[in-house]
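Work through the exercises below with the structure open beside you. Try each task before you read its solution.

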Amino acid sequence: MALLHEDRLFPPDEGTRSIARRLYGQIRRLPIVSPHGHTQASWFSRNEPFADPVALFVQPDHYIFRMLYSQGISLDQLEIGKAQIVAPRKVWRLFADNYYLFRGTPTRLWLDYAFQESFGLTKRLSSSTADEYYDAIKAKLARPEFLPRSLYKQFNIEVLSTTDSPLDSLDEHKAVRDSGWKGRIIPTFRPDPVVDPSFPGFRKGIETLGVLTGEDTTSWPGYLQALETRRQFFKSLGATATDHGHPTAQTADLSERDADALFAAVLSEDATEAHRELFRAQMLTEMARMSIEDGLVMQIHPGSVRNHNAKLFERYGPDMGADIPRSTDYVNGLRSLLNRFGNESKLTIILFTLDETTYSRELAPLAGHYPCLRLGPPWWFHDSPEGMQRFREQATETAGFYNTVGFNDDTRALLSIPARHDVARRMDAGFLAKLVAEHRLDEDEAEELAEELTVGLVRKAYKL
Amino acid sequence: MALLHEDRLFPPDEGTRSIARRLYGQIRRLPIVSPHGHTQASWFSRNEPFADPVALFVQPDHYIFRMLYSQGISLDQLEIGKAQIVAPRKVWRLFADNYYLFRGTPTRLWLDYAFQESFGLTKRLSSSTADEYYDAIKAKLARPEFLPRSLYKQFNIEVLSTTDSPLDSLDEHKAVRDSGWKGRIIPTFRPDPVVDPSFPGFRKGIETLGVLTGEDTTSWPGYLQALETRRQFFKSLGATATDHGHPTAQTADLSERDADALFAAVLSEDATEAHRELFRAQMLTEMARMSIEDGLVMQIHPGSVRNHNAKLFERYGPDMGADIPRSTDYVNGLRSLLNRFGNESKLTIILFTLDETTYSRELAPLAGHYPCLRLGPPWWFHDSPEGMQRFREQATETAGFYNTVGFNDDTRALLSIPARHDVARRMDAGFLAKLVAEHRLDEDEAEELAEELTVGLVRKAYKL
Amino acid sequence: MALLHEDRLFPPDEGTRSIARRLYGQIRRLPIVSPHGHTQASWFSRNEPFADPVALFVQPDHYIFRMLYSQGISLDQLEIGKAQIVAPRKVWRLFADNYYLFRGTPTRLWLDYAFQESFGLTKRLSSSTADEYYDAIKAKLARPEFLPRSLYKQFNIEVLSTTDSPLDSLDEHKAVRDSGWKGRIIPTFRPDPVVDPSFPGFRKGIETLGVLTGEDTTSWPGYLQALETRRQFFKSLGATATDHGHPTAQTADLSERDADALFAAVLSEDATEAHRELFRAQMLTEMARMSIEDGLVMQIHPGSVRNHNAKLFERYGPDMGADIPRSTDYVNGLRSLLNRFGNESKLTIILFTLDETTYSRELAPLAGHYPCLRLGPPWWFHDSPEGMQRFREQATETAGFYNTVGFNDDTRALLSIPARHDVARRMDAGFLAKLVAEHRLDEDEAEELAEELTVGLVRKAYKL
């Protein structure tokens, strides 16, 4: 009895499946390169045990609680947002009672992987096994091999990127580095708090940025200099990339004078939404310019309507599973930036989307032409077997494999890292196997590609 | 020789197919729960025979005559829109001559099912079998087992919903109920004629609404009260749901005062299209409020550009196969309604779409979060094998199965009901079989889900 | 050892594959009907050998150099845009070194086909086989059987359409015709240079049009008459179709007076982008009117943002691989034209798209209703195995097969013609085989359809 089948996610046709098995066999043990995610540096600087199964699995994972919420279970019942969980076993039972809701979702695949591979559990989670699970996980979490640094090693991680505000001291990253531990935990420069005027506390952030850098961040040149300084600081702690989570893909290329005036406008009381959008647009182009200068790879993650559920946001704050994708226009949006810097081969911009219609219509044609562009893997709701399949089917024929950058786990849940990479490796093996079975590719080429998709392209694109 | 193969619509891979067969075997004989459609209560109150094959199959089915029309056959040749068909055999022959046009379409699957299962026909319809078909069908229609109530029973229907105007007397529903017959035919409250100011005869309808309810429907409070009264009347005859066919998914949440003024505006001579759109938007939110109060489930069917062919509309009126989908924005559109009522677990809103791009981008993320939302099955042009496949592939990973509501046949053609449910059951069995074959789900789970998708979820969502 | 496998592109499941093999066997040797493309009539009038492998394969093919460019290889290195290639062997080696970039793309399939079928090459192109390839191809190009007319014959081409400006003298077409050679090379009337005011040299073109026809093309009636005259001239040299490459699908139906004023506006210095867009829109409707009169079939190819890369355009001009698709609205866009002429069965309009989301949402519903509409095959970036698969899956259930028009190779590369038709035939055979394997179609019907999709529908739709 097992939660995981050795052939899971491979195409059912026996001929194709046997090719997939061979390809997967070559990549399954390769190290994990994780260039984008939301784990905490403090886990590795402090190396303390996780408290209990709820703190480990349920509380940090908005994939889990959004589904439960959609079926009428309140966030209070799940103790979401509480600093201290009062009744973890009760929450765990509620989760177990409803585990069937995840049938057909990637969450189910990720969790079963962690349950079996990390905890040796092989009976399905349900009301009747809830306590058995709780006790088994709880017991193991106390052991040394379940401390974050041990997990990092067991998972065969080569490098793990976090995502950090320019205002972050990166003290935890320094502490990791100073500890002498061999793991490679690196920050990513995510400037949304100080480049997106809609970000709560934007003006306060600009002030803090001035304090941190000694620049006059109320002036446009001082502000830009301060950002450059912080980028250098991130680089000094290992950062190789930036990340930009704007609501749209809009870019702009204003004159120095117009940009200066716009900056003054967004700092003033009477900034409009149009000012804010134009400022975000201009800042993407500024960031591209800085990337050409300092070599940081640029990731653009547009198209999420954040905090769609106003009442939930008022009560619980952001990241409560209520961000919803919207349609995104890359062709017109990116034009200003690309007209300025699109032909720079020293620049790498990795594009992500929540709007799958752009794969074949916009993103693959753009990345199949502009030297600076690469396509990030399927993101968020689309980081799933069917989502990965659609990405490969819709992007590969125009962009090829070599304009893509391997996998991102993008996770907040440490134990899901190997699970997510395993899903990606299996899906890539299956996709390549189909190309081989249909004689669109030879098997030796598929072998080379399988390794590129797993470790080669990501190392190169992210300069890792 | 047969029109139907026992394994039709199952995946071709033998391993997967055998799982699909087992799953389908469990659900094929389950009762038909039909919560949404366009059959006539009068068929069951009067229980009269259908006149001839053309009246049964061709005349009511815009899927059929739109295809014939697209290939140059006029509606006059088909006697569409005539009260009495003059030369039914001639029309039937024309249809048979062109039956090959339906290759690869669901219409072909539905018709072949009816031909074989209801009439025992097993040779393909064509010019050479046209008369044989005509005579065989015509002869059977006269028999008692082809009366509507017999068909209801043979088809193993548990409940059948019609779609009705608030101005409808529902006399035929009353007659069914009073007849002592055991069939369950229930109305659905579809208020478009009195909540959509673009509806032909809108203002006259508002007047009639006042007469029917004794309310002063020229005042906003009286109008709302009249709608509530009619909803109660529909409930008294078994209704469990409302249905809303707006051109967009726009909602609004105006103040009492603004809503009152808007209502006056749309009743006036100088209402603009903007007034009308805002009024429809406001009325969706009003309907949600009423649903919380009276428990009727709300169905939203947006995104059809009605009567795209102006000349055809002028000559033949609506529902002539010339309604065309357009892109639909649910994320911004539904925001006002959801900000007001999105967290109400007493409310159920079932969303449909004609814009498949919204499955993975908008609808699954919305339904996978908001407790009040559920996803309706593929609708209209997408109620087809490939359409169903795309729906499951694109919605399941984010919304799960349990935020969906089973199948709607949505038909005007009585004989297509079992055919359409059979297609849905086969496609669901095939989809689940693939998940099992790929070890993404265990077979016992697939069995449970197959039953949920067939009868469980629909009964629950529609309160049947 | 071979580059091509006999079963390439067929579905891997053995049962389905064997049906695909049978269907393909029936159509593989049928003649090539090529109603739309960008080959040169001068190749056939002059019948001169191609210079070298680079001039044959690399230089004319923006699919090839856009991919190389996206990976940092400059157009200068590839000698793109040069009248005379200075170092063809060096360019060929660079191409061969990077041939692996095309893995998973249709370019790879097309090239391998030409390499093996036309040149007998069976080892994969790479750095190590670059010179072997170069020498083998170079040697064969000098032989008589590699002259354009011989290739036309070997490829079993029945008819080949070029695409031509109304200002073109068509002298090369006349020369082909006068030569006594039996090949059928026909022009297509592509009026963009004189109906799109954004086209470089638009006003100059209008003048030339006047000179060519003796009409006063500064007046609206004279301009229309001149276009009608040129259409007749194209017809006299065999043209059966027009082609329209507008940025959007917008159409208009202005009064005579408004159209006249608009024409004056677009000829003036102060025409706005709104004037230009409205003029293009009006001209589609005018062209439809002329098509009803003269019988030319109308092709509409909207939705490409031309010359997205401003710097590349400044330096190298158009068609450098930097055209990017954008989302396109057919439902509202085509409305004016369809309201005027949509019910004319004498009119044939073939619609193409670069926005795949419109297949199931807009194009199939439109073509499945309007008698004048047909769907063109997958275009440009989507003329690929996965693209063809998506087209059939998303269009067939609503439009059927008979509202489609077979395949277009749309190529600038003579040797890719049989390769592209072969891909289309294999993909159609595979798609039909799946319908047969799933018992959605009988095999005799699939056989009939395979022939229709290969030669029947294209001859009929394009009047060839």
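**Exercise 1. Relating the copies**

Which rotation, and what shift along its axis, superposes chain A on chain B?

Solution. Keep in mind that this is a predicted model.
- Step 1: Superpose chain A on chain B. The rotation is 120°, the shift along the axis is 0.0 Å, and the RMSD is 0.0 Å.
- Step 2: Name the relation. That is the relation of a three-fold axis.
- Step 3: Find the part of chain A by the axis. The nearest C-alpha in chain A belongs to A:Asp13, 3.4 Å from the axis.
- Step 4: Chain A can be laid on chain C by a turn of 120° and a shift of 0.0 Å along the axis, with an RMSD of 0.0 Å.

**Exercise 2. The side of chain A that touches chain B**

Describe the contact between chain A and chain B. How many residues of each chain take part?

Solution. 
- Step 1: Count the residues. 41 residues of chain A are in contact with 38 residues of chain B.
- Step 2: Find the elements. α4 (62-70), α6 (106-119), α15 (310-316), β7 (324-325) and α19 (385-399) of chain A each supply at least two residues.
- Step 3: Pick the main contributor. α4(A) gives the largest share, four residues.
- Step 4: Sort by class. This side of chain A has 17 nonpolar, 14 polar and ten charged residues.

**Exercise 3. The side of chain A that touches chain C**

Solution. 
- Step 1: Count again. Here 38 residues of chain A are in contact with 42 residues of chain C.
- Step 2: List the elements. At least two residues each come from α1 (14-27), α17 (335-341), α18 (358-367), α19, α20 (416-437) and α21 (443-461) of chain A.
- Step 3: Pick the main contributor. α18(A) gives the most, with six residues.
- Step 4: Sort by class. There are 13 nonpolar, 15 polar and ten charged residues on this side of chain A.
- Step 5: Ask how the copies meet. Only 5% of the interface residues of chain A are also interface residues in chain B, so the copies meet through different surfaces.

**Exercise 4. A four-stranded sheet in chain B**

Trace the open sheet of four strands in chain B. What is the strand order?

Solution. 
- Step 1: Read the order. It is β4-β5-β8-β9 in chain B, with parallel pairing.
- Step 2: Find the edges. β4 (241-244) and β9 (373-375) of chain B each have a single partner strand, so one side of each is left without a neighbour in the sheet.
- Step 3: Look at one pair. Strand β8 (residues 349-351) of chain B pairs with β9(B) in the parallel sense over three bridges. B:Ile349 has B:Leu373 in β9(B) as its bridge partner.

**Exercise 5. Strand β5 in chain C**

Study β5 (residues 297-300) of chain C.

Solution. 
- Step 1: Assign the sides. C:Val297 and C:Gln299 are on one side, and C:Met298 and C:Ile300 are on the other.
- Step 2: Judge burial. All four residues are buried, and both faces of β5(C) are covered.
- Step 3: Take one neighbour. Four bridges join β5(C) to the parallel strand β4 (residues 241-244) of chain C. C:Ala241 stands opposite C:Val297.
- Step 4: Take the other pairing. β5(C) and β8 (residues 349-351) of chain C run parallel and are joined by three bridges. C:Gln299 has C:Ile350 as its bridge partner in β8(C).

**Exercise 6. The nonpolar core**

Which residues have the most contacts inside the largest nonpolar core?

Solution. 
- Step 1: Size the core. The largest nonpolar core has 409 residues.
- Step 2: Name the residues with the most contacts inside this core. They are A:Leu432, B:Leu432 and C:Leu432.
- Step 3: List the contacts of B:Leu432, leaving aside its neighbours within four places in sequence. They are B:Leu23, B:Leu441, B:Ala446, B:Leu449 and B:Ala450.

Technical notes: Residues numbered from 1 in each chain as written. Chains lettered and ligands numbered in written order. Predicted model: local features only at pLDDT ≥ 70, side-chain atom pairs only at ≥ 80, totals over all residues. Contact = placed C-beta atoms within 7 Å. Nonpolar A, V, L, I, M, F, W, Y, C, P; charged D, E, K, R; others polar. Least-squares fit on C-alpha atoms with pLDDT ≥ 70 in both. Pairing = 2+ DSSP bridges. Core = buried A, V, L, I, M, F, W, Y, C linked by C-beta atoms within 7 Å. Buried ≥ 20, exposed ≤ 12 C-beta atoms within 10 Å, placed from the backbone.
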